[in-house]
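Welcome! Let us take a look at the pockets of this protein and the residues around them.

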Amino acid sequence: MMHNMHKNLADLSLETLKKQTPEQLQTQSVTAVLLALGSNYQAEHYLPLVRKDLAALGEIQLSTAFENPDFTSTEAQPKPDYTNQCVYLRLVEPMTLQQLQQVFKDLEGDCHRQRLTEAQTPIKKVTMDIDILLIETLLIEVVSDENSLSKNKNFEESNWIVMGDRYPFKAHERAGVEELIKGHFLKG
């Protein structure tokens with residue numbers, strides 16, 4: 001069954017996927033996510049820590065970690081580079097998007113993320129940022145067949161949705177997502 005899920009992901013085309021805002025999806029039951037991790041402060045410490053925490057939630061696959069300049073950096077105000085990585089996480093137990101967002105906010109907090117301090121300083125020290133790029137929900141359709149002995153049959157199919165507030169993805173996010181889609185999930 002895991003191979004089929006991987007194949008479904010491998011067949012994804014980001015442009016054709018449904019895009020919805022997180023507000024529209026709060027109560028959706030999520031079975032898997034594609035995440036973007038980012039850190040511009042002690043990334044060598046915080047990225048392995050959050051990957052370990054994510055692995056406790058289910059099966060994970062990682063993209064290459066990319067080092068990227070902060071796009072708000074200027075010569076007059078240089079800012080530290082970010083280390084970014086995408087993560088595919090297949091959850092052991094489905095959660096609502098709202099629950100997942102809270103889990104990720106807690107993980108950022110465990111990495112000593114200081115949103116208030118960041119907002120008040122021109123050079124933000126971001127220990128860990130976890131953004132949800134795509135979610136997979138499980139669609140269950142009940143089909144009634146008059147000629148069948150069992151009138152109701154359940155069909156399960158995966159349904160990937162792009163977070164509308166994150167699309168179009170930044171270059172490093174697109175690269176990480178495409179690497180996960182094309183590379184890791186073809187090994188089955």
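This is a predicted model: local features need pLDDT of at least 70, side-chain atom pairs count only at pLDDT 80 or more; totals for chains, interfaces and linings use all residues.

Residues are numbered from 1 along each chain as its sequence is written, and side-chain values use heavy atoms, with hydrogens and water left out.

A pocket here is an open set of points on a 1 Å grid over the protein atoms alone where a 1.4 Å probe fits, with protein on both sides within 12 Å along at least five of seven lines; lining residues have an atom within 4 Å of a point.

Start with the largest pocket. Its lining has 26 residues, and Phe-71, Tyr-82, Asn-84, Asp-129 and Lys-170 lie nearest its centre. Strand E5 (82-96) gives the most to this lining, with four residues. Strands (E, at least two residues) and helices (H or I, at least four) are DSSP runs, numbered from the N terminus. By type, the lining of the largest pocket holds ten nonpolar, six polar and ten charged residues; Ala, Val, Leu, Ile, Met, Phe, Trp, Tyr, Cys and Pro count as nonpolar, Asp, Glu, Lys and Arg as charged, and the others, Gly among them, as polar.

Now for the second largest pocket. Among its 15 lining residues, Gln-101, Lys-105, Ile-130, Asp-131 and Ile-132 are the closest to its centre. Helix H4 (97-110) and E6 each give two or more residues to this lining, and H4 gives the most, with six.
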